[in-house]
Amino acid sequence: MDTLFLHPDPQGQFTAWGREAGSVKPLGTDSLAALAARHAGARVVLFIPSFQCLLTKVTLSAGQRKQLAGNFAWLIEEQVGEDVDALHIIAGPEQADGQTPIVAVAEDVLESWRTTCREAGWALHALLPDVLLLPQIENAWALDMKGQQLVLRTGLLSGATLESLTPEQ
């Protein structure tokens, strides 16, 4: 197994898929300890709950992109309710519509997941929002309900987690 893809659930279990020789196969759901015992030393791609990060898009001119040199924090300052210096921010490639997708994760959240992987004997290769597990459908959105949360994928690199609106009892 060269790559292990993990998705945590609210009960502390992890759904796992493994890639070997270019083929991805489902491995089921198990505890982190059990998966670590079976897949020691694997490279891990972790799909974290989307509410733990921000997915957004910005529009940049070629000059702005060159001038920023990877420092996109000021572009999302108004969209986050915390100090942007405490965020790990990654910009994706510019899309055909001229927008650049951005993922922001709080440094403490990132470090917590790194520690979890390190303690299991793995190196964290990538951390992605779990909204990207939903299918990307051209000219349509994908929706999944997980407990009281709705996970919505709205494009190739966009989506959100929404709290379910249920009447107060």
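**Salt bridges.** I started with charged pairs and found that the structure, a predicted model, holds 4 salt bridges. A salt bridge here is a side-chain nitrogen of Lys or Arg within 4 Å of a carboxyl oxygen of Asp or Glu. Side chains of opposite charge can pair when their charged atoms come close.

I kept two ground rules in view. Residues are numbered from 1 along each chain as its sequence is written, and side-chain values use heavy atoms, with hydrogens and water left out. Local features need pLDDT of at least 70 and side-chain atom pairs count only at pLDDT 80 or more, while totals for chains, interfaces and linings use all residues.

**Asp2 and Arg19.** I looked up this pair and got a salt bridge at 3.6 Å, N to O. It links distant parts of the chain, 17 residues apart: Asp2 sits in the segment before β1, and Arg19 in strand β2. The scale: buried is under 20% relative accessible area, exposed over 50%, partly exposed in between, with a 1.4 Å probe and protein chains only.

**Around Glu111.** Next I went to helix α4, where Glu111 and Arg114 lie 3 residues apart, about one turn of the helix. Their salt bridge has its closest N and O atoms 3.6 Å apart. Glu111 also meets Arg118, at 3.0 Å, N to O, so I noted Glu111, Arg114 and Arg118 as a network of salt bridges. Arg118 is exposed at 51%, whereas Glu111 is partly exposed at 33% and Arg114 at 34%.

**Sheet.** Last, I traced an open sheet of 3 strands in the order β9-β10-β11, paired antiparallel; strands pair if DSSP finds at least two bridges between them. β9 and β11 each have a single partner strand, so one side of each is left without a neighbour in the sheet. β10 and β11 pair over 6 bridges, and Val151 stands opposite Thr161 in β11.

How values were computed
Helices (H or I, at least four residues) and strands (E, at least two) are DSSP runs, numbered from the N terminus.
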